[in-house]
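Here are a few exercises to work through with the model open in your viewer. Try each task before you read its solution.

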Amino acid sequence: MTDKIPVSVFIIAKDEADRIGHTIRSVVDWVDEVYVIDSGSEDDTMKLSRELGAHAVFNEWPGYGPQKNYGESLCRNDWLLNLDADEEVTPELRQQMEALFAGETEPPLKAYGVTRKLMHFIEETGTYGMTDYPIRLYHKDHAGFKSSTVHDSVAAKTPEGEKSEILPGVLRHRCFRSYKHMVDKINFYSTMQAEDMFRKGRKPKTLRIVTEPFTTFLKAYFIRRYIARGVTGFLESVIYAFARTLRLAKARALFIEAERERKG
């Protein structure tokens with residue numbers, strides 16, 4: 001297949017010059033257009049994006065959902081593919097997406113999930129960890145990103161948009177550069193999660209706080225099968241439990257502080 005498919009790709013980014021090349025190169029040759037929405041990089045993210053054939057624009061950071069809504073607004077095609085700057089479309093996933101647009105027909109559904117697999121930074125390329133299935137390819141009249149500043153997920157706009165299918169081709173996810181980056185990212189995101197819980201009045205209960213480290217460790221280690229990854233799986237199960245507990249600790253602190261201010 002030589003013609004590009006009528007799909008617009010949009011990518012939100014900040015300081016991703018070391019990783020965004022994988023993302024852009026994996027799509028730029030076979031989709032109609034690629035947009036990178038930069039929220040203030042201090043590295044060469046925008047310069048590199050343009051050199052690789054993407055449109056790079058600046059938009060001050062408004063939160064995850066609003067930034068992706070802005071990306072949607074830039075795209076000229078009805079069909080959108082959202083990628084994060086640490087993700088990469090594999091050849092198999094590309095072929096499956098191209099097949100959806102083969103000939104003159106439109107894809108039979110209005111939304112498609114992808115098989116996203118985490119690539120562990122301390123192991124060889126092609127070794128995958130956690131798998132999830134987010135909706136990423138969709139018709140903008142029938143689905144789109146929610147406006148939540150914390151959670152960036154696609155929601156249906158019409159009954160047709162509620163029906164989706166998972167494409168089996170892999171979307172590689174280079175989520176963390178190092179353990180330091182992992183902890184920094186956890187600290188940043190857990191603060192947003194805690195603030196979101198506070199705004200919604202979701203005060204963590206004592207039982208939840210006490211059990212969270214243990215239940216989330218067991219979820220990662222056994223249900224997500226990190227046990228099969230040896231020491232790496234054990235360490236990342238511990239870090240996952242820490243991340244989930246940290247957001248509760250921060251939320252609890254916000255409620256305590258608010259109560260003290262109320263009492264004067």
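**Exercise 1. Aromatic pairs**

Count the aromatic ring pairs in this predicted model, then classify the pair of Phe121 and Tyr179.

*Solution.* Start with the tally: there are 12 aromatic pairs. Now for the geometry. A pair of rings is described by how far apart the centres are and by the angle of the planes. For Phe121 and Tyr179 the centres are 5.0 Å apart and the planes make 80 degrees, which is edge-to-face. Phe121 sits in the loop between strand 6 and strand 7, Tyr179 is in helix 5, and 58 residues separate them, so the pair links distant parts of the chain. Phe121 has 26% relative accessibility, so it counts as partly exposed. Tyr179 comes out at 29%, so it is partly exposed as well.

**Exercise 2. A second pair, and a cluster**

Classify the ring pair of Tyr138 and Phe145, and decide whether Tyr138 is buried or exposed.

*Solution.* The ring centres of Tyr138 and Phe145 are 6.1 Å apart with planes at 75 degrees; the cut-off for edge-to-face is over 60 degrees, so this pair qualifies. Tyr138 has a relative accessible area of 0%, so it is buried. Phe145, at 7%, counts as buried too, because the cut-off is under 20%. While you're looking at rings, find the cluster that ring pairs make out of Phe217, Tyr221, Phe222 and Phe234.

**Exercise 3. The largest nonpolar core**

Find which residues of the largest nonpolar core touch the most other members, and which strand gives the most to it.

*Solution.* The core has 29 residues, and Ile11, Val27 and Leu137 touch the most other members. Several elements supply at least two residues each, among them helix 1, strand 2, helix 4 and strand 11. Strand 1 gives the most, with five residues. Now zoom in on Ile11: leaving out residues up to four places away in sequence, its contacts include Ile20, Ile24, Val34, Val36, Ile37 and Leu83.

**Exercise 4. Helix 5**

*Solution.* Next, look for the buried residues of helix 5, including His181, Met182, Ile186, Ser190 and Met197. Take Gln193 of helix 5 as an example. At 12% relative accessibility, Gln193 counts as buried. Apart from its neighbours within four places in sequence, Gln193 is in contact with Val150, Arg244 and Arg247. Finish just past the helix, where Gly201 takes a positive phi of about 75 degrees.

How values were computed: Residues are numbered from 1 along each chain as its sequence is written. This is a predicted model: local features need pLDDT of at least 70, side-chain atom pairs count only at pLDDT 80 or more; totals for chains, interfaces and linings use all residues. Side-chain values use heavy atoms; hydrogens and water are left out. A nonpolar core is a set of buried Ala, Val, Leu, Ile, Met, Phe, Trp, Tyr and Cys residues joined through side-chain atoms within 4.5 Å. Buried means under 20% relative accessible area, exposed over 50%, partly exposed in between (1.4 Å probe, protein chains only). Helices (H or I, at least four residues) and strands (E, at least two) are DSSP runs, numbered from the N terminus. Contact means heavy atoms within 4.5 Å. Rings of Phe, Tyr and Trp (its six-membered ring) pair if their centres lie within 6.5 Å; planes under 30 degrees apart count as stacked, over 60 as edge-to-face and the rest as tilted.
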